[in-house]
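Trainee: Could we go through this one together? I would like to start with the overall picture and then move on to details.

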Amino acid sequence: MKNWIKQSVQKIEADYNRSADTHLLKIDIPKAPSIHLYLKDESTHPTGSLKHRLARSLFLYALCNGRIKEGTTIVEASSGSTAVSEAYFAQMIGVPFIAVLPKSTAKSKINKIEFYGGKCHFVDSAPKMHDAATKLAAEIDGYFMDQFTYAERATDWRGNNNIAESIYDQMEKEPYSIPSAIVMSAGTGGTSATLGRYILYRGFDTKLLVVDPENSVFYDCFKSGDRSLTNNKSSRIEGIGRPKVEHSFQPNVIDRMMQVPDAASVATMLWLEKIIGRKAGASTGTNIWGALCLAEEMEANKEQGSIVTLMCDSGERYLDSYYDEQWVKEHIGDIQPYTDKLNYWFLK
Ligand SMILES: *Cc1c(COP(=O)(O)O)cnc(C)c1O
């Protein structure tokens with residue numbers, strides 16, 4: 001058993017060793033010239049999103065805790081990027097993988113999970129995923145990876161080239177090398193937990209701003225401290241915003257939260273293509289909108305400095321939704337006021 005675990009860890013570490021770090025892009029804001037905005041492009045991981053980091057951490061965590069053995073079937077509740085990335089690592093170490101997901105999940109995502117050898121187990125609706133995954137894992141003597149519980153603890157927050165350490169390393173030669181703020185949204189809350197802990201651990205003078213979409217309880221939890229909050233809606237911004245306060249969401253390491261209208265997220269995502277020449281997902285729109293609102297505040301206060309935010313995944317996954325004008329009209333509404341504001345900020 002130990003030998004198999006050792007070889008599996010070795011395979012994951014070797015894959016990491018063959019990988020390059022993700023880029024930190026710079027975006028100029030003409031209306032706020034003394035604020036330097038950077039975008040950490042997490043879409044360039046082999047499985048296309050920041051969930052590649054999470055999946056790697058979750059596998060190493062489970063392996064080194066003796067939870068995955070040769071032949072253990074991995075089960076995860078995820079309709080999105082996490083399942084795709086976990087399927088990749090399961091295939092790498094040669095264990096079966098089953099994603100529990102709502103039957104409404106886009107065919108393109110199902111195809112990606114199956115591409116990496118994963119299987120799909122469908123449930124009627126998103127709220128049923130967690131219980132169904134727990135039950136399935138018990139029935140087949142498998143292991144429920146449970147991203148929403150373990151995301152915050154699987155990542156080595158002190159360093160080990162986690163996303164925070166990578167950002168500070170890449171900022172080293174910039175004019176404002178210690179960012180005034182890092183802006184990130186929360187899905188599991190794992191990434192913001194790592195960023196916040198690393199900032200505290202290193203004693204950096206950086207504020208962590210977490211942006212939240214509509215239909216999410218994270219913002220209200222941050223304001224009230226109440227972890228029992230729930231709602232019965234689902235977020236329209238894929239990857240972020242939750243109807244309950246997930247375990248991995250760690251408000252104590254967050255300095256400030258901001259609510260971002262879904263129409264602003266989508267407008268920013270669509271507009272971004274003109275600025276960087278590539279398509280991003282909607283949560284990247286949420287992040288950048290938050291960063292730009294902060295830049296406007298800083299500019300008004302005559303402050304100077306840098307802001308770093310994240311591109312979480314690529315827009316190629318959403319051609320039938322956010323990148324379809326008719327879909328946006330029906331599901332999100334009028335985005336023009338936000339597009340106008342973006343154009344104003346970027347008027348040369
Ligand atoms: C998971 C995810 C996020 C949020 O990251 P967490 O670390 O889970 O909080 C943001 N955007 C996308 C596209 C995601 O898949």
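Trainee: What radius of gyration does the chain have, and what would a compact globule have?

Mentor: The chain has 20 Å, which agrees with the value near 20 Å that a compact globule of 348 residues would have; the radius is taken over C-alpha atoms, and the globule rule is 2.2 Å times the number of residues to the power 0.38. Please keep in mind that this is a predicted model, in which local features need pLDDT of at least 70 and side-chain atom pairs count only at pLDDT 80 or more, while totals for chains, interfaces and linings use all residues. Residues are numbered from 1 along each chain as its sequence is written, and side-chain values use heavy atoms, with hydrogens and water left out.

Trainee: How many helices and strands does the chain have?

Mentor: There are 13 helices and 10 strands, taken as DSSP runs numbered from the N terminus (helices are H or I with at least four residues, strands are E with at least two).

Trainee: And what share of the residues counts as buried?

Mentor: Of the 348 residues, 55% count as buried, where buried means under 20% relative accessible area, exposed means over 50%, and partly exposed lies in between (1.4 Å probe, protein chains only). As for contacts, which mean heavy atoms within 4.5 Å, 74% of those between residues at least 6 apart in sequence join residues at least 24 apart.

Trainee: Switching to the sheet, in what order do the strands of the open sheet come?

Mentor: Four strands form the open sheet in the order β5-β4-β3-β6, with parallel pairing, where two strands pair if DSSP finds at least two bridges between them. The edge strands, each pairing on one side only, are β5 (119-123) and β6 (143-144).

Trainee: How many bridges join β4 to β5?

Mentor: Five bridges join β4, residues 97-102, to β5, and L101 stands opposite F122 in β5. Helix α5, residues 129-139, packs on this sheet and touches β3 (74-77), β4, β5 and β6, its direction making about 150° with that of β4; the axes are lines fitted to C-alpha atoms, for helices over the stretch in contact, and angles run from 0 to 180 degrees between N-to-C directions.

Trainee: OK, on to α8: what span should the helix have?

Mentor: At 1.5 Å a residue, the 13 residues of α8 (190-202) should span 18 Å, and the end C-alpha atoms are 18 Å apart, which agrees; the expected span is 1.5 Å times one less than the number of residues.

Trainee: What covers its buried residues?

Mentor: The cover includes α6 (147-154), α7 (163-170), β7 (181-185) and β8 (207-212), and among the buried residues of α8 are A193, L195, R197 and I199. Just after α8, G203 takes a positive phi of about 70°.

Trainee: Which residues have a positive phi although they are not glycines?

Mentor: D146 is one of them, at about 55°, and N160 is another, at about 65°. D146 is found in the loop between β6 and α6, and N160 lies in the loop between α6 and α7.

Trainee: Is D146 buried or exposed, and is N160 buried or exposed?

Mentor: D146 counts as buried because its relative accessibility is 10%, whereas N160, at 60%, counts as exposed.

Trainee: Last one: where does N287 lie, and what is N287 in contact with?

Mentor: N287 lies in helix α11, residues 282-300, and counts as buried at 0% relative accessibility. Leaving aside neighbours within four places in sequence, N287 is in contact with V183, M184, S185, V211, T309, L310 and C312.
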